[in-house]
Amino acid sequence: MGILVVLEARDGEIKLSSFEAVSEARRLADAGLGGGEVVALLCGPAAVAGVAAHSGAYGADRVYHAAHEAFGRYQPDGFAGAVVAAQQVTSALHVFFSATAMGKDLAPRVAARLQAGLASDCTALAVEGGKLVATRPVYAGKAIQRVAFTSGVALASLRPKLFALTEHRPGASAPVEALAGFNFEASAWRVMTTGTSAATSGPADLTEADIIVSGGRGLKGPENFHLIEELAAALGATVGASRAVVDAGWRPHGEQVGQTGKTVSPKLYVAIGISGAIQHLAGMSSSRTIVAINKDADAPIFKLANYGIVGDAFEVVPALTEAVKKLQ
Amino acid sequence: MNIAVLMKPVPSTDTRVKVGPDGKQLDPAGVSLVINPYDEFALEAALKLKEAGGGEVVLLTVGTSAWQPTIRNGLAMGADRAILLTADGPLDALQVARALAAEIAAGDFELVLCGKQAVDDDAAQVGPMVAELLERACVTVVTKLTIDGTGAAAAGAACIAQREIEGGLEDVSFALPAVVSCQKGLNEPRYPSLKGIMAAKKKAIDEKPAQVGAPSIEVLSLTLPPDRPVGRIVGEGVAAVPELVRLLREEAKVI
Ligand SMILES: Cc1cc2nc3c(=O)[nH]c(=O)nc-3n(C[C@H](O)[C@H](O)[C@H](O)COP(=O)(O)OP(=O)(O)OC[C@H]3O[C@@H](n4cnc5c(N)ncnc54)[C@H](O)[C@@H]3O)c2cc1C
Ligand SMILES: Nc1ncnc2c1ncn2[C@@H]1O[C@H](COP(=O)(O)O)[C@@H](O)[C@H]1O
């Protein structure tokens, strides 16, 4: 009856986005969604069971742990089997994921297995007449859709960084119990994750970064991106890019922000030498504060930016980097 | 190897979104449709595999007859034929997946390629749902795909793929039959040649009704996002830097 929240661990820690989802589930449970219970599920090797208990502080009543030695990496079929088993054990009518790379892959698999509706990448959730209503951006954020569920079980994935991280029960620890009744047989998995390699472009991935500094064609060439990297380093930010510079081969495609790149919502987004094409804006318009540096006062990016400087990036950016360094 | 490419026509990415009279859907007036950008990566991957090892590339679409011209653009890129499963009114992802899965099950496709997500509903659901309904292997957000012995590749062929995750890549191994969702970086989609455009006119688009089943999602409303507060130009050139830093620190409190 309750709400089941699927947790995600990385490097032995539960991701903050998972705790955001637990916090939101607790808020909705208290507002009358389901039977009031919030149950978390962690798929992971035996060693991580302990860290899941901390979800109690964010409002989970108890935690199931699906343990498997191969669960140090995300195993799509194994994880999907575990979520379905946990849904059945708990009879949860609502299952939440965070809309991370893992959650986006896992949630639709579970939805198909449960014949359940899924609202992906939600930016807000509410209880209306005892039922879940999800708000989610569509057309790359150019419009907002509100949806209800007509299936018995309702699934939602929550966009990271948008839901409040609330310690509903400070210091509380949730009991962790092994998930029984689920098939641990890896030979039945149709795909096997065998390894991971890092391609990091900064301290955090774009979708997780608090601050992003992005450069565009105004930088004139790849050799000038050190200006962007130095400002990013001073701010502790991750580097992003417009499609123009990615297509030109100046930056890797993993750095592209926009409709056909990453959708980001950092607290600070600095756009340098980026004109502000509609496809770029689509990927970053939900950023809390936007700064634009562009030599063209009529560039569309200034319409969206909270703060703008009209000027030459080659002069303004080094000065800004120095000023930021002086703050520390 | 026969390959199905799941292809959805979507409003071109420079569309200015207007809400239709029902308050739930996009106003289609003046909207031009294009092949979903991620589906172009899927189609390009399928065409490359066909060039290397033969077989047929079939486009599968669930939608309306009005989508025929966009489907024909996919045929012009080089797909052999298309199947359009028609349904009236809006469908949710599970309904679309059911219709596609039924058609794939009735056909002979070792590989199903789709886009990472459709840039209209931004759901990123249909590919993995199709795979689950068919109980096939599925890898999503793929930037690199290698299929062993492409020539005669059939059921059981070993595949490896790289998929994009936060700050890195994941290596995945699996076997055909499979569903793979494609991400930017996998390849550079080709432009249709004049010859391709001419040839596409003669290729078949086979229309039949979609079997969609019951809906699981109901759209309540579609609205435009709230306007952001009007931006402000802090100043010009280097002289404006101290004031920008002050605002970021004291007003926005972000540094
Ligand atoms: C299907 C499709 C999908 C797309 N998806 C994306 C996407 O995901 N992301 C994306 O970014 N784009 C996307 N685009 C491309 C988009 O339309 C623009 O072409 C692109 O964003 C432009 O990049 P830019 O701002 O770097 O370059 P430009 O538009 O060329 O802008 C460069 C800017 O730099 C300024 N400038 C020049 N010199 C200086 C200087 N010395 N100092 C300061 N400023 C200077 C100029 O005034 C100008 O505003 C997409 C397009 C299509 C058709
Ligand atoms: N109506 C449709 N017809 C054919 N393929 C579709 C349809 N909807 C989605 N797809 C495929 O599924 C992918 C993901 O779409 P979505 O789940 O809607 O974001 C798309 O990139 C297409 O490859």
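Biologist: What makes residues of helix α2 (residues 68–77) of chain B count as buried, and which are they?

Modeller: This is a predicted model, in which local features need pLDDT of at least 70 and side-chain atom pairs count only at pLDDT 80 or more, while totals for chains, interfaces and linings use all residues. Residues are numbered from 1 along each chain as its sequence is written, chains are lettered from A and ligands numbered from 1 in the order in which they are written, and side-chain values use heavy atoms, without hydrogens and water. Buried means under 20% relative accessible area (1.4 Å probe, protein chains only), exposed over 50%, and partly exposed in between. By that definition the buried residues of α2(B) are Thr70(B), Ile71(B), Gly74(B), Leu75(B), Ala76(B) and Met77(B).

Biologist: Why is chain A called as compact as a globular protein of its length?

Modeller: The globule rule is 2.2 Å times the number of residues to the power 0.38, with the radius of gyration taken over C-alpha atoms. For 328 residues the rule gives 20 Å, and chain A has 21 Å, which is close, so the description holds. Of these residues, 61% count as buried, and the C-alpha atoms fill a box of roughly 65 × 45 × 40 Å along the principal axes.

Biologist: How is the area buried between chain A and chain B defined, and what is its value?

Modeller: Buried area is the accessible area (1.4 Å probe) that two parts lose on being put together, summed over both. Here that is about 6,800 Å², with 56% from carbon and sulfur atoms. In chain A, Tyr139(A), Arg190(A) and Tyr307(A) lose the most area to chain B, together 11% of what that side buries.

Definitions and conventions
Helices (H or I, at least four residues) and strands (E, at least two) are DSSP runs, numbered from the N terminus.
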